Amino acid sequence: MPTILDTSIEYLKGVGTVKADMLKKELGIHTLGDLLTAYPYRYVDKTRFHKISELTEDSGEVQLKGVLRKVEVLGEGSKRRLVARFRDGTGVIELVWFRGIYWLERHLKVGAEHVVFGRVNSFNSLLNIPHPEIEEVTGENQEAERTFAPVYSSTDKLNAKGLDAKGRRRIMEALFEKIAHAGPDGAGQALPENLPDYMLQKLKLPARYDALRWIHFPRNQEELDAATRRLKFEELFFLQMRLLQSKYRRKQAIKGYVFSKVGDFFHQFYKEKLPFELTDAQKRVVKEIRADMGAGIQMNRLLQGDVGSGKTVVGLLCMLIALDNGYQACLMAPTEILAQQHFIGISDYVAGMGIEVAFLSGTVKGKKRQKILEDLAAGRIHILIGTHALIEDWVVFQNLGLAITDEQHRFGVAQRASLWKKSKPLPPHVLVMTATPIPRTLAMTLYGDLDVSVIDELPPGRKPITTVHRTENHRLRVFGFMKEEIEKGRQIYVVYPLIEESEKLDLKNLMEGYEALSREFPPPEYQLSIVHGKMKPADKDFEMQRFVKGETQIMVATTVIEVGVNVPNASVMIIENTERFGLSQLHQLRGRVGRGAEQSFCILMTDFKLSAEARERIQTMVSTNNGFEIAEADLRLRGPGNMEGTQQSGLLDLHIADLGRDGKILQAARELALRILEKDPELANPLNERLKAYLANPGRKVHNWGRIS
Ligand code: ADP
Ligand code: MG
């Protein structure tokens, strides 16, 4: 049922087609509902008047009341400007305009009383206010309420079309006017309360209509605070309600294969093949997954674990359970190198058990591919490992029971979703493994409708990696250190950044670095490998394998080695131009070392000059090895929208809440949503009637989030 909030903005008083078009194009505001939730991003204090005599160049934005004196046009050409002298009882200040001079000259009333608002500027040590808002004091506005005036995001184009701060405020006033007179119940009809009374009382939140009104036109700080609290809570609460409801519905609707037993493959592997004792965290997670796959409901689970926490073997154990129940399993990795490595590692693990493991990627062609596809369809292949080639339509399984994706943030949601179709009659169980630790607040949102398992413990015997920050003048000492480590039989990564815009420059950096290293580490004593994105996959693989086998001591590479590569003998990671990497990438890179029993090192090379933000990133890396702490710092520094893995998610399109800052509110909102849905999953209780109504018809478009896998 459409409401007044679905009305197009052009029908609002003072908008019309031209302004409506601008608002749509520039800010994506189409309906009155959009306009209502385009909240101010800040407020200016118009609750009081300043005295001219008290102004300094640091006064910032001020509001004055006084009389316009002389108005004159000064200067020539680009210096041409309109200057007005403005006086209150305490002093005089100049108001200056560079645009709209003629109109102003005709309309400014010398001698009349005005209210002026603007930012104090100092020019040649004289104070002035450039381009102030100015309004004559008339009988009508004399008594006007003095408020915190909202400031909305705008653009030059909007400003030019009369949609500047003042114009926008007028429109918002018109909107509230319209809402107040909508239908027989007035505001009550257009903006009905959407939270039950018991919640409002318990949480001491203002009514919805008041909150919306106050967020746009607060009369004081208290109203602004109360409105902000309510709207943030409401936004996060309904987001969680939707996620949790969709999870609940999925569990109701989507049945899964029942893996009822843990059989020979699993037990044989566990007893005879597994070369180490599982950590408690690994054991716990295997149990969680096993229970999930036996429950008759399709599993949709995220497995989070820091780099090196041992996710692969957990994935393998789960695949063996699938095999024990007569199903096939697959593992999809984001790069050729990583997929290869999984293939080799897993083939090794299960050697001699009568399990057929196959590899498939875009590079597997012709007869070889044909054979794999036939064997797969006939059920002769038990485990298929590969790249996103796995999701191509021509890949047909006999009976896929479990699909695992590794390092999921590299795959799009749609790519992952296509794994669902690989099995009939039911979708396979899905396990998404990620080494990108996600702060709790983000996980609750991005993966709010998934089940989550966490491996929060590293295998025993790992020494924490020692991380240091070095600049160019330490170069020789770094070379010396590298030689000592190679002497001890260790291997070293040297990584260069590679980002799209400056690919050529980066490649040049990499090649120069490689040449410098070749001079410093000449053959035959030293052997170097080089891997970068411009190489053919076969060449990359060849170089990579030389390093894996220990034939080369130094691997010079771009970030292609970032993901998952496992060379336990490599104990030094040197990162060049560290300032150009994000925290999560740095953490991933560092995770390539520290995989063996040796003490490992990470050397962060940078320029001497660094931005404050870069310095903080590096400081974070030096001070902690904990992926979750690093993720929290990343969230703090960059905000949720910029973090890896979040870009494609409409879930972060929040209007007022900020996942970086509002973690506590989010936590409370999720807990309450959980409690409500536990007792009343269909919201059938009359007490929850408002929640049900609002979720069915929220009054603005809500993202139709696809299932994450
Ligand atoms: P990630 O979680 O980053 O994918 P991997 O699965 O690659 O980690 O495991 C990292 C290394 O740790 C591998 O060499 C693996 O064999 C080893 N490993 C995994 N689990 C254990 C364990 N419980 N005890 C000892 N080593 C382990
Ligand atoms: Mg891994």
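The model is predicted, with local features needing pLDDT of at least 70 and side-chain atom pairs counting only at pLDDT 80 or more, while totals for chains, interfaces and linings use all residues. Residues are numbered from 1 along each chain as its sequence is written, and side-chain values use heavy atoms, with hydrogens and water left out.

The domain assignment, whose bounds come from an automatic or database source, includes domain 3 (194–253 + 662–699) and domain 4 (264–455). Their C-alpha centres are 37 Å apart. In this interface, 12 residues of domain 3 touch 12 residues of domain 4, contact meaning heavy atoms within 4.5 Å. About 1100 Å² is buried between the two domains, 52% of it on carbon and sulfur atoms; buried area is the accessible area (1.4 Å probe) that two parts lose on being put together, summed over both. On the domain 3 side, Leu243, Arg250 and Lys251 lose the most area to domain 4, together 46% of what that side buries. The rule finds 2 salt bridges across the interface of domain 3 and domain 4.

Turning to a helix pair, Glu613, Glu616, Arg617, Thr620 and Met621 in H22 meet Ile630, Ala633, Arg636, Leu637 and Arg638 in H23. Helices here are DSSP runs (H or I, at least four residues), numbered from the N terminus. By class, this contact of H22 with H23 has 4 nonpolar, 1 polar and 5 charged residues.

Note on methods: Chains lettered and ligands numbered in written order. Helix = DSSP H or I, 4+ residues; strand = E, 2+ residues; numbered from the N terminus. Nonpolar A, V, L, I, M, F, W, Y, C, P; charged D, E, K, R; others polar. Salt bridge = Lys/Arg side-chain N within 4 Å of Asp/Glu carboxyl O.
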